[in-house]
Amino acid sequence: MPPNNLHHQILDNLKTAILLVEPNLTVSYINPAAESLLAVSDQRIHGEAITKLFHEQEDTLVKLLDAINNCEAYTKRETVLTLRSGAEITVDYAVTPVTENRRTSLIIEFQPLDRLIRISREEGLLSSQQNSQALIRGIAHEVKNPLGGLRGAAQLLARELSDPKLHDYTNIIIEEADRLRNLVDTMLGPHRAPEKKMTNIHEVLERVRQLVDAESEGYIRIIRDYDPSIPDILGDREQLIQAFLNVTRNAQQALRQNNMDDRDPTIILRTRTVRQLTIGSHRHRLVCSVDIIDNGPGIPKDLRASIFLPMVSGRADGTGLGLSIAQSILNHHNGLIECSSEPGNTTFSLHIPLEQAS
């Protein structure tokens, strides 16, 4: 029951992805929106079984046959479909039986959710970062004022003490007050607004690579996978070095901690340009994306949602400030850091818009 010319024209111009499936579960029509979503062409899939388009964890064929035999529509929410290419997409889809001349076909409408999920996740990440920074600023104000008074009192007390041995105690008070002040300053992130200039991202990464390579003393193999066509970005070189170094050092420490002598501990620095990428609620035409990938043990599941918050660390000796500071620096460049992790493959993706450079 293929659509007639008028219906064909209407369906072709819809932004909603539409499939028409025959009673034998072969595809008789796919509109351009569905071709784009499912990464197939009408010529290649026409007359083919729907299972060649995608599959999901549940038995799709049984549900579709039930819809045909019983003329019952159904809808599925937030379903992950695996495409022919192996890529996964998250969609809502609705199946509607249509009967003509005692012959029942199915109309399947797909609503892609990946971009909406991404926007929601990134807005939540940015909101958490902003809330944590506001909390830290409040704590910093409440802590630094009494610390200043404590340090001053200890200095005055030291002047009044005649026994030099007692100066050890006042020195401890002064040193600990300074240590706490420095810790609070570190939690607040960069102390100045970024001084943005045209910067080559690969010069930044090469500086980071040299530092990490020297620190690891050859224990970790660092692979460079650069796209030399990426134009210069508008950014603060020193702050960007700090952000990339914080993330790369995290990977280095995870590899060392896991004692991976038998698994060739490796960090990959990869640069690419990405088109039409959403960061928060803003869609950018062109973005510089830097992936820092390691083959370490991965991030524990209970930490993945909070790794960018201050004082959250997966290491006993970690301060939990490195990723928070890196995220803050990227935010000042209108960018964002994302993370995906599983054992043997942890990827931090640092995105910086390129439009601002022009």
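**Strands and a few residues in a predicted model**

Student: Where does S10 pair antiparallel, and how many bridges are there?

Tutor: Strand S10 and strand S11, which covers residues 282-294, run antiparallel and are joined by 12 bridges. Please keep in mind that this is a predicted model.

Student: Ok, which residue in S11 is the bridge partner of Ile268?

Tutor: The bridge partner of Ile268 in S11 is Ile293.

Student: And how does S8 run relative to S10, parallel or antiparallel?

Tutor: Strand S8, made of residues 221-225, runs parallel to S10, and five bridges join the two. As an example of residues facing each other there, Ile222 stands opposite Ile267 in S10.

Student: What about Thr266, where is that?

Tutor: Thr266 is found in strand S10, which spans residues 266-279.

Student: Is Thr266 buried or exposed, and why?

Tutor: Thr266 counts as buried because its relative accessibility is 9%, and buried means under 20%.

Student: Which residues does Thr266 touch?

Tutor: Leaving aside residues up to four places away in sequence, Thr266 touches Ile220, Arg221, Ile223, Leu255, Ile293, Asp294 and Asn295.

Student: How many bridges join S4 to S5?

Tutor: Seven bridges join strand S4, residues 74-83, to strand S5, residues 88-100, and these strands run antiparallel. Within this pairing, Thr79 has Val91 in S5 as its bridge partner.

Student: Back to S2, is Ile30 buried or exposed?

Tutor: Ile30, which is found in strand S2, counts as buried because its relative accessibility is 3%. Not counting residues up to four places away in sequence, Ile30 touches Ile18, Leu19, Glu35, Val40, Asp42 and Ile45.

Student: How far apart are Ile30 and His8?

Tutor: They are 22 residues apart in sequence, while in space Ile30 and His8 are 9.9 Å apart, going from C-alpha to C-alpha.

Student: Last one, which residues make the nonpolar surface patch?

Tutor: Leu6, Ile10 and Leu14 make a nonpolar surface patch of about 270 Å². Of these, Ile10 lies in helix H1, residues 5-12, and Ile10 counts as partly exposed because its relative accessibility is 45%.

How values were computed
Residues are numbered from 1 along each chain as its sequence is written. This is a predicted model: local features need pLDDT of at least 70, side-chain atom pairs count only at pLDDT 80 or more; totals for chains, interfaces and linings use all residues. Side-chain values use heavy atoms; hydrogens and water are left out. Helices (H or I, at least four residues) and strands (E, at least two) are DSSP runs, numbered from the N terminus. Buried means under 20% relative accessible area, exposed over 50%, partly exposed in between (1.4 Å probe, protein chains only). Contact means heavy atoms within 4.5 Å. Patches are made of residues with over 30% relative accessible area and no salt bridge: like charges are joined within 9 Å, nonpolar side chains (Val, Leu, Ile, Met, Phe, Trp, Tyr) within 5 Å. Accessible areas come from the Shrake-Rupley method with a 1.4 Å probe; for residues, only the protein chains shown count as cover. A salt bridge is a side-chain nitrogen of Lys or Arg within 4 Å of a carboxyl oxygen of Asp or Glu. Two strands pair if DSSP finds at least two bridges between them.
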